[in-house]
Amino acid sequence: MSTRLYIAVVSTTVLAIALMLLGLAAYIVLAFSLNRQLDQGLAAEGQQLRDYFLTSQDSPLVGNTLPVSATPFEAVAPSGSVFRLVGVDGRVFAQSVGNLTAPLEESVYGASGAWPQSLTYETVEHAGTRFRVSSLPLQLPAQAQGILQIARPLAPVEQTLAHLRIVLIAGAGVSLLVAVGVGLLLAHIAAKPIEDVASATARIRAFGEDDERLVSRGHLQEPHWLVQSLNNLLDRTAHAEATASEASTFRAQCTGYVQRQLGRLIVQQRNLNDYLRTELHPGDPARPETPAPPGGSAQSFLQTDPRGWLAAYDDVVAWLEAQTDALERWVHHLPLYMGAQEGLDIEREEISLAPMLFGICEERHEQYGDAVQIERQLVCTPRLRGDRQSLQDALAALVDNACESTPSGGTVTVALHCAETDATISVADNGPGIAPEELPHVFTRFYRAADASDGHGLGLPFAHDVMVQHGGALTVESAPGEGSTFTARLPLEQNGAQ
C-alpha cells in the first residue's frame with residue numbers, strides 16, 4: 001500500500017468515525033434534553049393541578065369530606081395533557097375531559113400498596129400510543145391518601161427524534177464525503193514530499209545520475225530532514241565510489257606491473273630450463289665436447305657429478321619446469337587473486353575431474369609424506385567443460401588448506417560424488433575447525449583467522465571465485481574442534497556423469 005493511500009484511508013476513517021460519534025453524541029444529548037423537558041413539564045403541570053385541587057376555592061375537594069360524589073370531577077388539563085386523581089380505595093375523584101383517560105387506567109399505581117412515596121415517571125403504551133406518565137402522591141381531605149397522575153403522548157418527542165435521525169443519516173453521508181475530501185487533502189500534503197523524494201531516489205538508482213541531488217518541497221520539516229540526510233548519504237557514497245575506483249585502478253596498475261615483471265622472470269626461467277635440458281645436458285652423446293672455460297663453469301661442475309647430481313639431472317630439470325608452470329599459472333591468475341579483475345578468462349575444454357583430483361592427492365601425498373594421511377573417495381568419473389588450469393589450482397587450494405589445517409597424524413578426505421546435473425567435491429579435515437564468527441569471512445580476500453600461523457587469505461577466495469565462474473558454488477561447514485568440510489558443486493554437461 002502506498003503512503004498516500006495509507007494516509008488517506010487512515011485519516012478518512014478517523015475523521016468519519018469522529019464526525020459520526022459527534023453526531024451520535026448530539027442525538028443522545030438532544031433526546032435526553034427533550035425527555036427531560038417533557039418530565040419537567042409534567043412535574044410543573046402536576047404541581048399546578050395539585051395546588052388547584054388542594055387550595056383553590058373552585059376545587060370540588062376543598063371543604064368536603066370524602067367521598068364527595070360518585071361521579072368524578074372533570075376538568076380540562078393544561079397543555080393538552082390527561083390526568084386523573086385516584087384515592088387509596090381506587091376511586092377516581094377527578095379526571096381530564098375527553099377520551100384520553102384510558103392510559104391512566106393502565107397505570108401500575110392502581111393499588112394502595114403500590115403508591116409511590118415521591119414524584120415518579122414511567123412510560124406506558126396503550127392502543128399503539130406511547131405516553132409519559134408522572135405520578136405525584138397527595139394528602140386528600142379527610143386524611144385520605146391519593147395520587148395525581150398526569151400523562152402526555154410521546155409522539156411529538158418521537159417525531160422530533162425521528163426527524164433528527166433522518167438529519168443524522170444525511171449528515172453521516174455528508175460527513176463521509178467531507179472526511180474523504182479532508183483525508184485526500186491530508187494525504188496529498190503529507191505524502192507528496194515523500195513521493196518526490198522516492199521518485200528522485202528511484203531515478204538516481206535506475207539511471208545512475210550520481211550528480212543529481214534531491215530537492216525538498218513543501219513546509220513539512222521531516223521530509224526536509226530526510227532530503228538532507230539522503231543528499232549527505234549520496235555525497236558520501238559518491239566520495240566512497242570515487243575513492244574505491246581510484247584504489248581499484250591503483251591496484252590494477254600495481255598488479256599489472258607485478259604480473260609483467262614476473263612474466264619476464266618466467267620467460268628467463270623457461271630459457272634457462274631449455275638451456276639446461278638441451279645445451280647443458282652432460283649425458284647427451286650427440287653433444288660435442290667443449291673445453292671448460294677458464295675458471296670453471298656449470299658444465300664442468302656437473303661433469304664432475306658431485307653427490308650424484310648427474311643421475312638426477314633430468315628429474316631436476318623436470319621439477320624446475322613443473323615449478324615454472326605452477327608459477328606461470330599463479331601469475332596468470334594474479335589479477336583475480338588481488339581482486340583487480342572480476343571474473344576469469346575461461347577457455348573451456350573437456351575435463352575429467354577424477355584424474356585431476358587423483359593427481360592433486362598424489363602430489364600432496366609426496367609433499368606431506370606420513371604427516372598427513374590423504375584418503376581418496378573418487379566413486380565416479382564426471383566430465384565437464386571448464387578452464388583446466390583454474391579448476392586445478394582451485395581444487396589444489398582446497399586440498400592445501402585442508403592439509404595445512406590438519407595436525408600431524410591427521411587425515412584429509414577428498415570425495416567425489418555425482419548427481420544427474422552436477423558433481424560434488426568435498427574436502428574434509430579433522431583439524432581445529434573454524435569459529436562461528438569467522439565462517440562468514442573465509443571467502444574474503446586477505447582475511448586470516450586470529451590463530452592462523454601461515455597463509456595470506458587468497459587461496460579460498462580464489463577457489464570460491466573459480467567455482468562461481470563455472471556456474472557452481474563453494475560452501476563450508478565447520479565447528480571448533482570438529483574440523484572443516486569444504487564442498488564444491490560444479491554443473492555437468494548433459495549426460496556427462498558416468
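In the predicted model, Leu 378 has Leu 416 of β10 as its bridge partner. The strands β8 and β10 run parallel and are joined by 7 bridges. Both belong to an open sheet of 5 strands with mixed pairing, arranged in the order β8-β10-β11-β13-β12. At the edges lie β8 and β12, each of which pairs on one side only. From one strand to the next, the twist averages 15°.

Two helices were examined against this sheet. The helix α9 lies across β8, β10, β11, β12 and β13, and runs at about 25° to β11. The helix α10 also packs on the sheet, where it touches β12 and β13, and its direction makes about 135° with that of β12.

The largest nonpolar core comprises 38 residues, of which Leu 353, Leu 391, Leu 395, Leu 398, Leu 416, Ile 425 and Met 467 touch the most other members. At least two residues of this core are supplied by each of α8 (353-368), β8 (372-378), α9 (388-405), β10 (410-418), β11 (422-429), α10 (459-469), β12 (473-478) and β13 (484-491). The largest share, 8 residues, comes from α9.

Within this core, the surroundings of Leu 391 were examined. When neighbours within four places in sequence are left aside, Leu 391 is in contact with Ile 351, Met 356, Leu 384, Val 466, Met 467, His 470 and Leu 490.

Notes: Residues are numbered from 1 along each chain as its sequence is written. This is a predicted model: local features need pLDDT of at least 70, side-chain atom pairs count only at pLDDT 80 or more; totals for chains, interfaces and linings use all residues. Side-chain values use heavy atoms; hydrogens and water are left out. A nonpolar core is a set of buried Ala, Val, Leu, Ile, Met, Phe, Trp, Tyr and Cys residues joined through side-chain atoms within 4.5 Å. Buried means under 20% relative accessible area, exposed over 50%, partly exposed in between (1.4 Å probe, protein chains only). Helices (H or I, at least four residues) and strands (E, at least two) are DSSP runs, numbered from the N terminus. Contact means heavy atoms within 4.5 Å. Two strands pair if DSSP finds at least two bridges between them. Axes are lines fitted to C-alpha atoms, for helices over the stretch in contact, and angles run from 0 to 180 degrees between N-to-C directions.
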